[in-house]
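Here is a report on a two-chain model.

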Amino acid sequence: MTEPPFPIPDPVTLAIPLFVALIVAEMLHVRRTGRGAYETRDAAASLAMGFGNVIAGLLTGGIYVAAAYAAYQFRIFDIGWTWWALVACFFAEDLAYYWFHRLSHERRFWWAAHVIHHSSQHYNLTTALRQTWTGAVSLSFATKLPLFLIGFPPEMVFLFSGLSLVYQFWIHTEAVGRLPGPIELIFNTPSHHRVHHAINPRYLDANYAGVLIIWDRMFGTFIPESDEEKPRYGIVSQIATFNPFRIAFHEWLAIGRDLIAHPRHAIGYLFGPPGWSHDGSRRTSRELKAAWSGGQRTAATDAFLPSERTHVL
Amino acid sequence: MLVQVGSALAIAAMVGLAAWLGFTAKPLVREAEARRLIAEQTSCPIAAYVVSERGDAALAALDDGRFALVRGLGDRMVIRVYAARDVRFSLRRRGLRVVFEDPAAEPVLLEGVHAVPGAPA
């Protein structure tokens, strides 16, 4: 049976009222306790990006759906809607998400779409909704195509992708500390995801998980949150705008400028790691981290690092 | 369509609530603080420095010809360093308008500033 046994809902749409309720609750919690931070224009920008993501999804989501069904035509197995298929699909989708997410950080072409999500200096539930408008442009769904080729029904994969997004909403908060050990061991949690959003050198390039943190543990990208170093959020070179259009397209425009200025190095500027430059005038996160871990916080390194004070004034 | 309209209304309500709760702090750029921030960003000495009357932004000309912008963004500060070719100035009645060849930065009006830092008087 490859047809779903029941109409498959869109978990994200169904969860919108929950998103709103939790954001309101978090705002009140921050006001009351001072734990966490909100800023009105930052929140407005994040929410506008989320709204734009929905609109972009309406306009371009068909590309993903068409690619999914096209790939499914060439499936190896006929996997039906059985309990074991649901379990396998959950793990497979989460693994595919890990690699999509890791690719989105390690290669500039995909980073250009994903940087939006990291562009806030705040870390709260509205940050979860600060989503890309150009995911279809970067073909960010490509890492999911093997699932359809294996034979998982597209509706099943869409269901788990949606559930993963809903799960990932609640982990964008400073209001929740560390959870009991077994949960932190297996699942992506607010603590793990704070590390992912942090720009402190020790935290760079870590915790790409969607639902299960086990993938980071398996592939060597797990870094725990340290009590000694509070995460600072955003991107290494903080953007200086709340304009949703600048937020959405700034990295694409920057890529365009680099391609025009240095056409001979187009491959590097498109598919190199973020921060790559042909003359070494910029720093990748790996270089920043290497300098930090080598205990070589030189002036040259500092020149590319936002200071602690930029976030506390 | 109902979802989109409902989402837009919910967004407006949440932004309104954030403002009502007072999440609207704005940092002031003070000279000593800005100089220290710039020094933390780059080891290049500051040749000249200006700050807007409102204290919302400052611009420093560095010894190597680059410019460092320090500005408030919501309740946080942003520092960006630019090559001279990536910065354009225009003098306005209210102050110095600075435009950056940088899609991630809005133009800045440095109110009360009537000269480019580091430029001959």
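## Ground rules

Two strands pair if DSSP finds at least two bridges between them. Helices (H or I, at least four residues) and strands (E, at least two) are DSSP runs, numbered from the N terminus.

This is a predicted model, in which local features need pLDDT of at least 70, side-chain atom pairs count only at pLDDT 80 or more, and totals for chains, interfaces and linings use all residues. Residues are numbered from 1 along each chain as its sequence is written, chains are lettered from A and ligands numbered from 1 in the order in which they are written, and side-chain values use heavy atoms, with hydrogens and water left out.

## Strands of chain B

Ala57(B) stands opposite Arg71(B) in E3(B). The strands here are E2(B), residues 57–62, and E3(B); they run antiparallel, joined by 5 bridges. They form a hairpin with 4 residues between them. In its turn, Gly65(B) has a positive phi of about 95°.

E3(B) also runs antiparallel to E4(B), with 7 bridges. Leu73(B) stands opposite Arg76(B) in E4(B). This hairpin has 2 residues between the strands, and Gly74(B) takes a positive phi near 65°.

How many of the residues of E3(B) are buried? The count is 7 of 7. Buried means under 20% relative accessible area, exposed over 50%, and partly exposed in between (1.4 Å probe, protein chains only). In a regular strand the side chains alternate between the two faces of the sheet. Both faces of E3(B) are covered. Phe67(B), Leu69(B), Arg71(B) and Leu73(B) lie on one side, and Ala68(B), Val70(B) and Gly72(B) on the other.

## Where the chains meet

Chain B gives 42 residues to the contact and chain A gives 45. Contact means heavy atoms within 4.5 Å. The two chains bury about 3,900 Å² between them, 63% of it on carbon and sulfur atoms. Buried area is the accessible area (1.4 Å probe) that two parts lose on being put together, summed over both. In chain B, Phe23(B), Arg76(B) and Pro103(B) lose the most area to chain A, together 19% of what that side buries.

Between the chains, 16 residue pairs are in polar contact, both residues at pLDDT 80 or more. A polar contact is a pair of N or O atoms within 3.5 Å; within protein, one must be able to donate a hydrogen and the other to accept it, and residues adjacent in sequence count only if both atoms are side-chain atoms. On the side of chain B that touches chain A, the largest share, 11 residues, comes from H1(B).

## Salt bridges

A salt bridge is a side-chain nitrogen of Lys or Arg within 4 Å of a carboxyl oxygen of Asp or Glu. Arg257(A) pairs with Asp86(B), with the closest N and O atoms 3.3 Å apart.

Within chain A, Asp227(A) forms a salt bridge with Arg178(A), the closest N and O atoms being 3.0 Å apart. The two residues sit in separate loops, so the pair ties together parts that are 49 residues apart in sequence. Asp227(A) is exposed at 71% relative accessible area, while Arg178(A) is partly exposed at 43%. In chain B, Arg35(B) and Glu31(B) meet at 2.9 Å, N to O. They are 4 residues apart in helix H2 of chain B, about one helical turn.
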